[in-house]
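Let's take a walk through this protein together. Have the viewer open and follow along.

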Amino acid sequence: MAKKRKVHSLTGRIDDRLMREAFKAVKRNRGAAGIDKVSIGMFEENLDANLAALKRDLKTRGAFCPKPLRRVWIPKDAKGTKFRPLGIPAVRDRIAQEVIRRLLEPIFEPLFHDCSFGFRPRRSCHKAIERVLSFHAEGDRVTLDADISGFFDNIPHKLIAGAVAEEVADGNILNLIEKFLAAGVMEGGVFKPTTVGTPQGGVISPLLANIVLNQLDWRLEKAGYRFVRYADDFVVVCKTRRQAEAALAEVEKIMTDLGLSLSPEKTKIASYGKGYEFLGFRLSSRSRTMRPKSLENFKTKVRELTRRCHNLDARAIERLNRVIRGTANYFATNFSTCIWLFQQLDKWIRMRLRCMKFKRKSDCDNYRLRQGTFDKKLGLLKMLSFTKTTMCTT
């Protein structure tokens, strides 16, 4: 057997053009400052010199030293009872990660499985759902809805480094990746080392996650299963419950080999007839609509923006429109069945705005502030207007 050829001298590909493109990508994604409190705007004030210094450090082995990430906690649910840790790298480190990501992506992208959709070029959540719906249409009506327990926080560093080293032989690049993983976090002024996991919020984290879980994809393929994966969220589709139970056993074995585990509470076998949740949707043979958690998260955001103690003005409508536009754009697809739900949400939003305007809830106010006033004078967006003409109406 011929010896596998690895990619060498990636460091030599770091040039001024790559550095500038990486900065533009980081600027486009915006984001807060890291622990050094240097914002994107501050970094840009002396851009040429900053990029030149960063390029020199990246190309000199051992010279680059990433700063610890700034730890913040963001709510996982509408009630704010559960939180997810987010690591915010310094702007300089985000640019460095983007440089490495751009070097690694062309190497690994051709190796990824066709049923992997998360954080990949020209792929999306909607395409992932369309793929799983096509499997259902072909007769696979039972699903294993799997959830990896604390995936990003628990990936072993050795597993990540080993998976990258399978294809890359540039010691400087491998060393940089290890430094990113071991940078640690600052929380409440206290430094905490990171011995496992890749931080959510890191530019390179999604690619590293795909590199690790590519092993899961191809082992499922080898075992004869059809599946769809978006980052750490995936479903395996089967024809019978017995096949799904066998798939669960196979996935658990793969997770053990990777040093990971499934969440017992969130991993379950379901049927397309009764429905299951995937990527924010509730999918079933009868409907494809917002899952209850997504609906409640949306309503919570609207409630925050339409409190009666606030004034109904152009700025309030502008903020509300951003929330409506983001949610409607995601859930209004050709495969969705959200028309009735969107109608009800539009009515509910108008009710909230009337209460906000008149500081009370009364049916009489429907005549004082009519639907046409919201559309034409205030410029309020309708969720229903985002629905596609081909959207299902069942």
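What follows goes from the domains to their interface, then on to some strands and a salt bridge.

Keep in mind that this is a predicted model. The chain splits into two domains: domain 1 covers residues 10-270, and domain 2 covers 289-386. If you take the centres over C-alpha atoms, domain 1 and domain 2 sit 34 Å apart. The two do touch, and each side brings eight residues to the contact.

So how much area is buried between domain 1 and domain 2? The size of an interface is often quoted as the accessible area lost when the parts come together. For domain 1 and domain 2 that comes to about 640 Å², with carbon and sulfur atoms giving 68% of it. As for polar contacts, one residue pair turns up between domain 1 and domain 2, with both residues at pLDDT 80 or more.

Now zoom in on strand β1, residues 69-75. Which strands pair with β1? Strand β4 (residues 185-187) pairs with β1 in the parallel sense, over two bridges. Strand β2 (residues 83-88) also pairs with β1, this time in the antiparallel sense and over six bridges.

Last stop: charges. Side chains of opposite charge can pair when their charged atoms come close. Searching the whole structure gives 26 salt bridges. One of them joins E44 and K27, whose closest N and O atoms are 2.9 Å apart. E44 belongs to helix α2 (residues 40-45) and K27 to helix α1 (residues 16-29), so this pair links parts of the chain 17 residues apart.

Key:
Residues numbered from 1 in each chain as written. Predicted model: local features only at pLDDT ≥ 70, side-chain atom pairs only at ≥ 80, totals over all residues. Heavy atoms only, no water. Domains from an automatic or database assignment. Contact = heavy atoms within 4.5 Å. Buried area = accessible area lost by both parts, 1.4 Å probe. Polar contact = N/O pair within 3.5 Å; in protein donor to acceptor, adjacent residues only side chain to side chain. Pairing = 2+ DSSP bridges. Helix = DSSP H or I, 4+ residues; strand = E, 2+ residues; numbered from the N terminus. Salt bridge = Lys/Arg side-chain N within 4 Å of Asp/Glu carboxyl O.
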